[in-house]
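Here are my notes on the model, as numbered points. Please read them with the structure open.

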Amino acid sequence: MPLVRRDDDSSDVDMDNEIEEIEHQQHDVARVGSSIHESEDQVDDEPDADADADGESDDDEPTPPSRASESASASASASASASASASASASASASASASASASAPVGRQHPVPPRAQAQYPRPPRASQRLASSVAKPAKTTASTTRKSKSKSLNSRYEKLTPILSGDSVDVDMEPAPAVPTNISGGDVPHCMYCTDVGSHIWTCTGLQSPCEITLCVATTDTEHGCVDATRHPIMGSALVTKDTFVCPQCYRENNAIIPYMVRGYAIRSKFLKRNPNPLLGVFLTWNGFGRQYAGDIITRTLKEQFHTEQHKLRIASRTIRHGNNRPDAVANDFKWVADMNYQSNLLVFIDTHADTSTGNLIASGGVNNSVSITPWEMIENYLGDHFRNASLCIRKANETRADRPFIRGFVLCTCGPTGRVTNSIQWLEKMVNYDIFDFVLAFSGASTIDAIVVPALSRFIENVFVYGLKPWDALEHSFGEDRHALEASPVVLCFADVTSTGSSHERVVESRMLAYSSFADSRPWGLDMYSCHKCGGPSQNIKFNACGKKCYGNKWLQTKMKYICRQCTHSKTDIEAPGWVHSCRADNMYRVWYNWPLTHQQLADIGVKH
């Protein structure tokens, strides 16, 4: 029977509210009932825990009631009581609305349009929430594990949620498991490009001669590798095999087509081949610093680079202080070099202060009572005959090889006087001339700030002893590419290079300074000692600017200069760069080098008066 709408607005509103209440109650009862059915279905679908080994269960034996069935029964009882109360409320509401319609005056009658479900349903009552929580089945492990949505071939995707309870102490990093190897000496086959130890490491057989570069290769779609050697998708044949593998570098050098796909990014550019020789690094640090920042950064870098060839690296650290100059403390370290038949690289690294007038190295004492000695005396006191004998034997090993592959390096991380005072530079150059070292590096600024120069210094050592670059090339690829470090201090490098003429080889020694040219900072062509040609005033009182046409690229050094002296107001224009000033690589603009120390004539060219 259709409901009758009265003209009284207030009665009409009450009736509408009652109808809406009935609809909500019916909806809640239906939801509780459906949850009970789902719970019962899940209990019926659970496999019997006492199933036989062959997968068949004993259906004839009665099974005891489970917790899920008990919870379903409780849910059914709670929902039944909720349904009864809802029915009683619905009956009372219907009686009230019927009496209200009987006493109302008769008017035009029409059916009430059906109401849509409310957009925001009312929250369930306490009894209904209890029934719903009881009827809700417990989550199993299978239901909580997310399926992988990742398209990666190596690792699946799994959503993580932050842990908001428990201890907030960080968990220590677990040590990486040792990589198993059957190679004698501890070598771990690894990719020369990405240092990975993937499932397939192939060695280049070369087009003309083997180059012995090793790369990680993927032979299936599920494997990782810098080189994709999977089979042809149509023919099914292998594009390359382990016995016929040739690296991309050999293909490029012979202008040949690479038959496989290259995945690695670094392979597409010029490759810096690794130095295959072992390395002994001896680090001496002055006790007055109270820390070992420079040595720590460089040793960490070397250990990371040699992590797949740990047997090829040995580090020895000593503290420079009074009473600690005991050469026998490093005897076992140099014995390690002897066990390598002296076919090894050698690095001596000294981190200390320097005397401002002589450039000698601080060996003991504090700020007010320090004692300094020459760099060679420092080596004799802390390394002694062990170093002298190792350096001599490495030199003999180099004489049997035309390429002189074994490098002996001396790096001084000290203040500028060591690389600026003429007598100090001459002593450093003698160490290379006498074939004690193959290169010596020192700084020549007023002061050396470790936090600025050590990152570039670490890269220089890495370029020489890891990537096998020649010392000067290694300097251009480190300090030459780090303007921040080069502006803090110029660098002096004494190094030996071998020139070949037919079958004869000559060892040539040269000392160069690498500097950054800046007119704005009063360092024209990196020469902070530039002076006024009239009064001899220092560069700090001279204003420098470019003059005429400005040149860029590999011709930037052709830009002329003008200056005005603030002391004597003398000015000069159209000043060309001296002929003994050379520019570095074209991609390193404003980097210059010249032989160091400067001669008297060269000093006169830049206005320095004696």
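1. Which residues does Asn275 touch, not counting residues up to four places away in sequence? Asn275 touches Asn345, Val464, Phe465, Val466, Tyr467 and Gly468, where contact means heavy atoms within 4.5 Å.

2. Some ground rules. This is a predicted model, in which local features need pLDDT of at least 70 and side-chain atom pairs count only at pLDDT 80 or more, while totals for chains, interfaces and linings use all residues. Residues are numbered from 1 along each chain as its sequence is written, and side-chain values use heavy atoms, with hydrogens and water left out.

3. Asn275 lies in the loop between β4 (261-262) and β5 (279-286); helices (H or I, at least four residues) and strands (E, at least two) are DSSP runs, numbered from the N terminus. A polar atom of the Asn275 side chain is 3.0 Å from the backbone nitrogen of Asn277. Asn275 is buried, with a relative accessible area of 9%. Buried means under 20% relative accessible area, exposed over 50%, and partly exposed in between (1.4 Å probe, protein chains only).

4. Ser364 sits in strand β8 (residues 361-364). Ser364 is also buried, at 14% relative accessibility. Leaving aside neighbours within four places in sequence, Ser364 is in contact with Trp286, Arg321, His322, Asn369, Ser370 and Val371.

5. The sheet. An open sheet is formed by 9 strands in the order β6-β5-β7-β10-β11-β12-β13-β18-β17, with mixed pairing; two strands pair if DSSP finds at least two bridges between them. At the edges are β6 (313-320) and β17 (582-583), each of which pairs on one side only. Strands β13 (residues 504-516) and β18 (residues 591-595) run antiparallel and are joined by 5 bridges. Within this pair, Met513 has Tyr594 of β18 as its bridge partner.

6. Helices on the sheet. Helix α7 (residues 331-339) packs on the sheet and touches β5, β6 and β7 (345-351); its direction makes about 160° with that of β5. Helix α11 (residues 422-433) also packs on the sheet, touching β10 (408-413), β11 (439-443), β12 (491-501) and β13, and its direction makes about 150° with that of β13. For these angles, axes are lines fitted to C-alpha atoms, for helices over the stretch in contact, and angles run from 0 to 180 degrees between N-to-C directions.

7. Salt bridges. A salt bridge is a side-chain nitrogen of Lys or Arg within 4 Å of a carboxyl oxygen of Asp or Glu, and the count comes to 22. One of them joins the side chains of Arg388 and Asp385 at 2.2 Å, N to O. These two are 3 residues apart in helix α9 (residues 384-399), so about one helical turn separates them. Arg388 is partly exposed at 34% relative accessibility, and Asp385 is exposed at 56%.

8. Arg401 and Asp403 also meet in a salt bridge, at 3.8 Å, N to O. Arg401 counts as partly exposed, at 38% relative accessibility, and Asp403 as exposed, at 53%.

9. A further salt bridge joins Arg523 and Glu487 at 3.8 Å, N to O. This pair links distant parts of the chain, 36 residues apart: Arg523 is in the loop between β13 and β14 (542-547), and Glu487 is in helix α14 (residues 483-488). Arg523 is buried at 19% relative accessibility, whereas Glu487 is partly exposed at 27%.

Note on methods:
A polar contact is a pair of N or O atoms within 3.5 Å; within protein, one must be able to donate a hydrogen and the other to accept it, and residues adjacent in sequence count only if both atoms are side-chain atoms.
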